[in-house]
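Hi,

Here is the structure I promised to pass on to you. Please have a look at it, and then read on for what turned up.

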Amino acid sequence: MKKYQINQINILQEKINRMDPIDIAEQFDNLTAYEITLRIKLLSKDLLADTFAELSKEKKMEIIEILSDEDTSELIKELDENELVDTLQELPANMVKKIMQYFVTEDRRPIINQLLGYPEESVGSVMTVNFLAAKDRLSLKEIYNLVLQSDLDANKLEQIWITDSSLRLLGFIHLGDLIRYPQAKVSELLKGLTRTVLATDDQEVVAKLAQKYDLSEIPVVDSENRLVGTVPVEWAIDILAEEYHEDFGNIHGINDSEETQYLKQSDLVIARSRITWLIICLITASVTGFIIQRYEVTLATNVALAMYIPMLMDSGGNAGSQSSTTIIRALYLGELQGISFVKILLKELRIGFIVGLALVAVNMVRILILDSVSFQVNLVVSITLLMTVMLSKVIGGLLPILADKLKIDPTVMAGPLITTIVDTASLLVYFEVASRLLNI
C-alpha cells in the first residue's frame, strides 16, 4: 500500500510540474488545505513562484500561513520584484511587515521600496526591474558575455537595452542579431525606440502603446531618459483586460469588486457595490417626476402624449450611449488629441440630425398606421424625437470629453449619468414643444 501511494505521488508530481501556472492556480481555488500543501511540496520552486503570483489575495494568505518560514523565504526569493510588490499591496499590514522584515533580503529592499512608492495603477507599480542593459561602448562579444553570465529568465533576455555612458537609453539589440552577427558593430544592430513611458504615467498608457505599435516590451524611463524598468507585452495585455473590466463596470454603474471571485463574494458585498449608482439614478429620476408634475395640465389636456414618453426617453438614452461609447473609444486610441469641443459638437449635431430624420420618418409612418392620434400630436412627437436625438448625441459626445479634460475617467460619464441627463432633457423638450404647437 505504501509503495502504491508513493507511486501515485510521483505521478502527481510529474503531472503538475508539466502544467501551466495559471491552470494550477485555478486548481488551488477548489482544493483543501491538505491538498494544496501536498502540491506545494511537489512543485518546483520556479513553478510554485509563478503559480503563487496568479493566486487570489485570499489564497496567497492561506499559502503563506501553510508554509514554514524557510519555505516562505524560498518562495519570496523566487518571486520577481513586481510580483512581490503586487503581493505586498494585497496582504494585510502585519503580514507585509513580517515578509519585509524576515524574508526580503537587504539587496532587494531598496528596489521593493521604490516600486511600492509608485502610485497605484502607475507604470512604476507594474514594471519589472529585471532587464539586461549594456553601454554602447562595449563590443558585441562583451555584451554576449553579459548574456551568458546573466541569471535572468530567457524571456527577459530577448532584448538587450543599450545606454550611453550616462545611462540614457539609446535603443536595444535583439538577442538573435547578437548571435547571428558577432562581427558587427553595436551601432549597426541597434534598434531605435518606438516609444518610452515614464514610471509615473498611468498604466493604461502602456496598454495603448503595446496595442498601437505591437511592442513586445515597453521601456520605462525617468525624467532624464534613463532606463528604470520594462513592461512585457503579456503584462500590457493584463492591464488592457483590467482597464476593460473597470471601464465596463463604470459604464454600467458597477463597482470593480465584482471582477473576480463572483460566486465566492458575499451577497452583501456585491449588493453594496451595485447600490450606489442605483440610488443616484433613483434620486435623479425624481427630477423627471417633477417635470411631469409641472406639465400635468398639458398631459391632462391631451392624454395621448403620455404614451410616447417611454419611446422618446429610450431613443434619447440609446442615442447618447452610442455617442459616448464612440468618443470614449476615440479617446482611448488617442484620436482626439488637440481636437476642440466645437468640432466634436458640430460633428455630433450632424450625426444626430441624420439619425433623427431616419427615426422620425419611421416613427411617423408607425404612428399613422398603428395609433389613432391627430396629425398635430404626430408632429409634436416627431419634432421632439428629432431634437431629442440631436441633443442626446451632443451630450453623449461632450460629457466624456469634459471628463477627460478634468482628469476624470470618461467611462464614469458614460452610463447612468448620461441616461439620466438625457431623460430629463427629452421630457423638457417634449412638453415645451407640445405646449407651443398644441396651444395648451
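Ala133 has Trp161 in strand S2 as its bridge partner. Strands S1 (residues 133–135) and S2 run parallel, joined by 3 bridges; strands count as paired if DSSP finds at least two bridges between them. Helices (H or I, at least four residues) and strands (E, at least two) are DSSP runs, numbered from the N terminus. Between S1 and S2 the chain passes through helix H11 (residues 140–149), a right-handed β-α-β crossover (with the strands pointing away from the viewer, the path from the first strand over the helix to the second runs clockwise).

This is a predicted model: local features need pLDDT of at least 70, side-chain atom pairs pLDDT 80 or more, while totals for chains, interfaces and linings use all residues. Residues are numbered from 1 along each chain as its sequence is written, and side-chain values use heavy atoms, without hydrogens and water.

On its other pairing, S2 meets strand S3 (residues 169–174) in the antiparallel sense over 5 bridges, with Trp161 opposite Phe172. The two strands form a hairpin with 5 residues between them, and Leu167 in the turn has a positive phi of about 70°.

How many residues of S2 (residues 159–163) are buried? The count is 5 of the 5, so S2 is largely enclosed by the rest of the structure. Buried means under 20% relative accessible area (exposed is over 50%, partly exposed in between; 1.4 Å probe, protein chains only). Gln159, Trp161 and Thr163 cover one side, Ile160 and Ile162 the other.

Best wishes
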